[in-house]
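Colleague: Please take me through the charged side chains of this model and the ligand site.

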Amino acid sequence: MEHSFHGRTMATLSATGQEKIRHGYSPVLEGFDFVPFNDVPALKAAVNERTCAVLLEPIQGEGGVRCPDEGYLQSVRRICDETGTLLIFDEIQTGMGRTGTMFAHEQFGVRPDIMTLAKALGNGLPIGAMLAVEPVAAAFGPGAHASTFGGTPLVTAAAIEVLKVMAEEDIVSRCAEMGSYFRDQLMWLKGCHGVVKEVRGRGLMIGMELNVDGMPFVTACMEQGFLINCIQETVLRFVPPLTITREDIDALIDCLDRLFGNMQEAA
Ligand SMILES: Cc1ncc(COP(=O)(O)O)c(C=O)c1O
């Protein structure tokens, strides 16, 4: 998809639909076509019986926290089924509870054939995983996709423990609850400050699009002890720890309220 982000290894870079990320790494791998996210006719025109797979993030992260339109992912699934094309969801950013369900695709009622995971899977320890439905998984035999540090006992033990703790502490429901509170607070800010154009996202993956450059707010927040980031120049992205508290959220909202207020006064 255009504006996608799938990583910086050669194949994932080749699948990434952002020229600024690919810059300096040419030649990238051939065979990838890009279409706009949320554009069903464009996808239909690009996919045929010779297409291997459609790869997308159920909610685009680096691309600006872009959610799929109602029915979009269903249409993608249908196009894949009609042409015998595999559907791959990159849930590296959206997975592991981040969006309020264990995997984002659960909220849209669409099952992929392949799903990638990383980030929160090891809660900080480096682990990534590719999951596939049985007929696809059968393409790999033992050792066919091995690497020196792949699937080591240390990180897999950590990932198993992460899953246990997530279940015991019901982190996923907590994420949905805190995400909804966080969004409400950001919507309140939108009502107070004209500089906020839109608030979007699911669970604890939220983007706040501004009418102005977002980077000065990232720097100002950092000076106050809050780590946020800015993507696509104008979108402040909030992907806090899944254990964030209401008090933490309130403190950040106060900080943003002050910063937006100061900006209005200065204008
Ligand atoms: C959706 C998505 N896929 C892939 C990656 C990159 O993963 P890695 O750095 O493990 O290659 C990221 C990193 O931000 C991501 O957000």
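Modeller: This is a predicted model, in which local features need pLDDT of at least 70, side-chain atom pairs count only at pLDDT 80 or more, and totals for chains, interfaces and linings use all residues. Residues are numbered from 1 along each chain as its sequence is written, and side-chain values use heavy atoms, with hydrogens and water left out.

Colleague: Glu57 is buried and has no salt bridge; how far away is the nearest side chain of opposite charge?

Modeller: Buried means under 20% relative accessible area, exposed over 50% and partly exposed in between (1.4 Å probe, protein chains only). A salt bridge requires a side-chain nitrogen of Lys or Arg within 4 Å of a carboxyl oxygen of Asp or Glu. For Glu57, the nearest side chain of opposite charge is that of Arg237, at 7.2 Å.

Colleague: Which residue forms a salt bridge with Arg237?

Modeller: Arg237 is buried, because its relative accessible area is 6%. The closest N and O atoms of the pair are 2.9 Å apart, and the partner is Glu62.

Colleague: To which backbone nitrogen does the side chain of Glu57 reach?

Modeller: Glu57 lies in the loop between β1 (53-56) and α4 (72-83). Its side chain comes to 3.1 Å from the backbone nitrogen of Gly61.

Colleague: What share of the ligand's exposed area does the protein bury?

Modeller: A nitrogen atom of the ligand is 2.6 Å from an N or O atom in the side chain of Asp90. Taken alone, the ligand exposes 390 Å², and the share buried by the protein is 71%.

Conventions. Helix = DSSP H or I, 4+ residues; strand = E, 2+ residues; numbered from the N terminus. Lys, Arg positive; Asp, Glu negative; His and termini not counted. Polar contact = N/O pair within 3.5 Å; in protein donor to acceptor, adjacent residues only side chain to side chain. Areas by Shrake-Rupley, 256 points an atom, 1.4 Å probe, with all protein chains shown as cover.
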